[in-house]
Amino acid sequence: MDFTNLLITVLLLLSPLKYESDVATASDDEDFFKTCSSQRCSKHGPEIRYPFRLSTQPPSCGAPGMQLSCSGQDTILDHPVLGSCKVTMIYYRHVIMNAIPLVDSLPHCPLQKLVSVNQSTAVYKPHTSEVASVVGCSRDSIDTNQYGIVGPTSCPSLANNASQFWYLAYPYTYMSILPLGCTIVSKDIPMPYSYDKNGPNFDISIFTETAKRVISTGETVFTWYTSNVTSICQQCEREGRRCGFSSQRNQAFCQHHSMSLSQV
């Protein structure tokens, strides 16, 4: 038997093994989605699917550090820095989560925690594509009818704990318009925003309503990253396919057929 015929014989013998391996892999992948079905804490709450999992699901249903739980109809993230947060929206395709911190020692100034602590963790980081500036004034002296200024709320000064009036300013507001006695407290407050099929919605008209929510509740926005997971899952979502994880291959994978997923 010459080498060519030998090679053909070997390939023919290996083909059934390759087929059986592919079938087994596909079967294992589908088993993941049966075990780890998508969940919600309420009818209109954010959908919970890989890389997130509910606390009632097996640990293998989610990436490390990405467990959520239900408290009544609320979806809760136990953030390592901010504590318990109510998750208001998850945009899987864009790797974005909007959330409201629930534990705050200064209930009248939810902004304080967003300004004073580093929110970055091993998995979550503040999403700073769109940010606002916090302006602190010794008195209520800013005309909030002018372009891109929302507030005030009463907060203690970071310098001496004296009471200040804090405002949120649109990123393109000219700071030269600020009256005397006002200073920039922070330039990097992440602003939650929504997405549609055309991308993010964030402009001056939306900023005003969003800023009111941030001032009153401390709502913020995170992005997340997990090795061997995030980039693959993002691609799955863009293709309209759910993402799962193979413990055998130690990496995320896309479901073989498309699902009816949110367009954002």
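How many residues does helix α3 have, and how far does the helix reach from its first C-alpha to its last?

## Helix α3

Helix α3 covers residues 204–217, which makes 14 residues, and reaches 20 Å from its first C-alpha to its last. That is close to the 20 Å expected at 1.5 Å a residue, where the expected span is 1.5 Å times one less than the number of residues. Helices here are DSSP runs of H or I with at least four residues, strands are runs of E with at least two, and both are numbered from the N terminus.

The buried residues of α3 are Phe-207, Thr-210, Ala-211, Val-214 and Ile-215. Buried means under 20% relative accessible area, exposed means over 50%, and partly exposed lies in between, with a 1.4 Å probe and protein chains only. An α-helix has 3.6 residues a turn, so residues three or four places apart point the same way. The buried residues of α3 pack against α2 (111–116), β7, β8 (149–156), β9 (163–169) and β10 (182–190). Just after the helix, Gly-218 takes a positive phi of about 80°.

## About the model

This is a predicted model, in which local features need pLDDT of at least 70 and side-chain atom pairs count only at pLDDT 80 or more, while totals for chains, interfaces and linings use all residues. Residues are numbered from 1 along each chain as its sequence is written, and side-chain values use heavy atoms, with hydrogens and water left out.

Strands of a sheet pair through backbone hydrogen bonds, either parallel or antiparallel. In this structure, seven strands form an open sheet with mixed pairing, in the order β1-β2-β3-β4-β5-β13-β6. At its edges stand β1 (53–54) and β6 (124–126), each with a single partner strand, so one side of each is left without a neighbour in the sheet. Two strands count as paired if DSSP finds at least two bridges between them.

Strand β3 (residues 74–79) pairs with strand β4 (residues 83–91) in the antiparallel sense over four bridges. The two form a hairpin with three residues between them, and His-79 stands opposite Gly-83 in β4. On to the next pair: β4 and strand β5 (residues 96–101) run antiparallel and are joined by six bridges. Lys-86 stands opposite Ile-100 in β5. β4 and β5 also form a hairpin, with four residues between them, and Val-95 in the turn has a positive phi of about 60°. Strand β5 is joined to strand β13 (residues 220–224) by three bridges, again antiparallel. Here Ala-99 has Thr-220 in β13 as its bridge partner.

## Disulfides

A disulfide is a pair of cysteine sulfur atoms within 2.5 Å. A search of the whole structure finds six of them. With the bonded cysteines of the chain numbered in sequence order, the pairing is 1-3, 2-4, 5-7, 6-8, 9-11, 10-12.

Cys-36 lies in the loop between α1 (3–35) and β1, and Cys-61 in the loop between β1 and β2 (67–71), so the pair ties together parts that are 25 residues apart in sequence. The link is left-handed, with -75° about the S-S bond. Cys-36 is buried at a relative accessible area of 6%, and Cys-61 is buried at 2%.

Another disulfide joins Cys-41 to Cys-70, also with 2.0 Å from S to S. Cys-41 is in the loop between α1 and β1 and Cys-70 is in strand β2, so this pair ties together parts that are 29 residues apart in sequence. The torsion about its S-S bond is about -85°, so the disulfide is left-handed. Cys-41 counts as buried at 11% relative accessibility, whereas Cys-70 counts as partly exposed at 38%.

A further disulfide joins Cys-236 to Cys-254, S to S 2.0 Å. Cys-236 is in helix α4 (residues 230–238) and Cys-254 in strand β15 (residues 251–254), 18 residues apart, and the pair links distant parts of the chain. Both Cys-236 and Cys-254 are buried.

Is His-127 buried or exposed? His-127 is buried, with a relative accessible area of 14%. This residue is found in the loop between β6 and β7 (131–137). Leaving aside neighbours within four places in sequence, His-127 is in contact (heavy atoms within 4.5 Å) with Ile-96, Pro-190, Tyr-193, Tyr-195, Val-221, Phe-222 and Thr-223.
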